[in-house]
Amino acid sequence: MNTKPIAKSEILKELQEYQNQDYKYESGRILGSMCTQAHPFAKEVFIKFLDSNLGDAGLFQGTKHIEDEAIKTIGSFLGNPEVYGNIVTGGTEANLMAMRGARNLAINEKGIKNGEIIVPESAHFSFKKAQDMLGLKVIHAPLDEEYRTSTDFVQDNINKNTVAIVGVAGSTELGVIDPIQELSDISTDKNIHLHVDAAFGGFVIPFLKDLGYHFPDFDFTLPGVDSMTIDPHKMGLAPIPAGCILFKDNKCLDAMAVDTPYLTYKQQSTIVGTRLGASSAAIFALMKYLGREGYAKLAQECMDNTNFLAKGLKDLGYDLVMEPKLNIIGFNHPQLSTEELADELEKRDWRVSMSKCPEAVRIIVMRHIKHENILDLLSDLKDIKNNL
Ligand SMILES: Cc1ncc(COP(=O)(O)O)c(C=O)c1O
């Protein structure tokens with residue numbers, strides 16, 4: 001550390017130089033990110049609440065109220081406003097909390113010591129962290145021809161140690177929605193915790209439904225769903241970090257509570273201690289500001305661009321892994337390997353990512369990807385096709 005203070009202007013200049021090295025969402029060239037530019041109003045609110053610490057909620061009772069209201073609002077478009085939970089740092093922390101809650105409840109109520117969870121092959125890698133951090137054994141259910149979890153496998157692999165089953169609503173790689181209704185039936189029948197990871201789909205599916213899109217039920221309207229992850233910092237347009245964990249009742253939160261004698265609230269269920277009130281305030285404000293209509297408009301725009309890109313890809317002779325369900329597309333070149341295609345795109349200054357299951361170039365059509373960016377992308381893809 002420098003001994004003498006350095007002038008603000010000099011520090012800001014240095015920071016600017018580093019920031020210039022970052023890719024910018026507004027370039028429209030970041031194709032593989034589930035995050036995007038946060039909404040300007042949400043950023044404005046976020047800054048106002050930077051000092052609020054929900055880890056010591058008794059000191060910040062107004063901000064705690066905001067968090068509770070945000071939870072109810074999110075619950076209201078996921079089938080139940082009377083849910084319990086927290087605004088957390090993201091989908092990883094939300095999934096860890098869900099698994100920790102289910103595990104602890106299973107220890108308390110069923111005496112299960114060596115807990116197992118069954119997750120789809122398509123599940124996010126946060127469940128690998130749950131395996132490592134919570135000592136859970138993770139069993140991967142294979143996918144059917146539409147890349148959805150095999151409910152027969154789930155049914156057949158539940159045993160006396162199973163503490164949770166997981167379904168995904170908007171898979172990380174392809175935006176696939178698992179058969180949550182069938183998982184709910186299994187969960188009710190076997191009395192096993194069902195967690196739905198809607199980190200991506202949670203801020204899309206309900207609003208597309210408002211517009212008349214058809215999706216099967218995937219949320220707390222189903223009796224077997226015990227907890228859900230939904231990320232405001234993905235399609236919710238909230239500033240990073242903002243995830244959300246919701247529980248149908250507070251049994252799981254109670255099962256995770258530890259004593260916090262030196263704080264104003266005497267127990268805490270979240271993984272982190274000191275935590276941002278700003279994330280809660282920003283998503284609370286933004287949901288009011290945009291309303292269901294605002295989120296529906298956003299979802300529609302992303303879907304229109306997705307469908308336009310999907311058609312363009314097919315017209316050029318690229319192979320789509322499947323018709324997109326949400327605003328995520330996986331595709332391949334008929335001759336090049338996925339890696340070769342990704343390299344060609346990177347050479348042309350596109351930032352792409354690849355899915356593994358199945359292998360494909362993956363594009364998440366977030367709101368920073370505009371129609372004109374898609375035209376440029378299709379033109380480059382045509383060039384790649386013609387110059388092979
Ligand atoms: C379905 C799903 N769950 C969880 C996560 C983890 O979210 P985060 O990166 O915010 O921790 C992701 C991230 O892409 C995701 O797609």
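Buried means under 20% relative accessible area, exposed over 50%, and partly exposed in between, with a 1.4 Å probe and protein chains only. This is a predicted model, in which local features need pLDDT of at least 70, side-chain atom pairs count only at pLDDT 80 or more, and totals for chains, interfaces and linings use all residues. Residues are numbered from 1 along each chain as its sequence is written, and side-chain values use heavy atoms, with hydrogens and water left out.

View 1. D152, D156, E182, D185 and D189 form a negative surface patch. Patch residues have over 30% relative accessible area and no salt bridge; like charges are joined within 9 Å, and nonpolar side chains (Val, Leu, Ile, Met, Phe, Trp, Tyr) within 5 Å. Asp and Glu count as negative, Lys and Arg as positive; His and the chain ends are not counted. A charge is placed at NZ of Lys, CZ of Arg, CG of Asp or CD of Glu. Helices α6 (151-157) and α7 (180-190) each supply at least two residues of the patch. The largest share, three residues, comes from α7. D152 sits in helix α6. D152 counts as exposed because its relative accessibility is 58%. Helices (H or I, at least four residues) and strands (E, at least two) are DSSP runs, numbered from the N terminus.

**View 2. A nonpolar surface patch.** I6, I11, L12 and L15 make a nonpolar surface patch of about 350 Å². Accessible areas come from the Shrake-Rupley method with a 1.4 Å probe; for residues, only the protein chains shown count as cover. I11 belongs to helix α1 (residues 8-20). At 36% relative accessibility, I11 is partly exposed.

**View 3. The salt bridge between D210 and R292.** A salt bridge is a side-chain nitrogen of Lys or Arg within 4 Å of a carboxyl oxygen of Asp or Glu. By this rule there are 20 salt bridges. One of them joins the side chains of D210 and R292 (2.8 Å, N to O). This pair links distant parts of the chain: D210 is in helix α8 and R292 in helix α10 (residues 278-316), 82 residues apart. D210 is partly exposed at 42%. R292 is partly exposed at 40%.

**View 4. The salt bridge between K297 and E301.** The closest N and O atoms of this salt bridge are 3.4 Å apart. K297 and E301 are separated by about one helical turn, because they are four residues apart in helix α10. K297 is exposed, with a relative accessible area of 55%. E301 is partly exposed at 39%.

**View 5. A salt-bridge network.** E346 and R351 meet side chain to side chain in a salt bridge (2.3 Å, N to O). Salt bridges that share partners join R29, E346, D349, R351 and D380 into one network. E346 is partly exposed at 28%, whereas R351 is buried at 17%.

View 6. D219 lies in the loop between α8 (205-210) and β6 (225-229). D219 is buried yet has no salt bridge; K209, the nearest side chain of opposite charge, is 5.5 Å away. The D219 side chain makes a polar contact with the side chain of T221 (2.5 Å). A polar contact is a pair of N or O atoms within 3.5 Å; within protein, one must be able to donate a hydrogen and the other to accept it, and residues adjacent in sequence count only if both atoms are side-chain atoms. K64 is in helix α3 (residues 61-76). K64 is buried, with a relative accessible area of 14%. A polar contact of 2.7 Å joins the side chains of K64 and E67.
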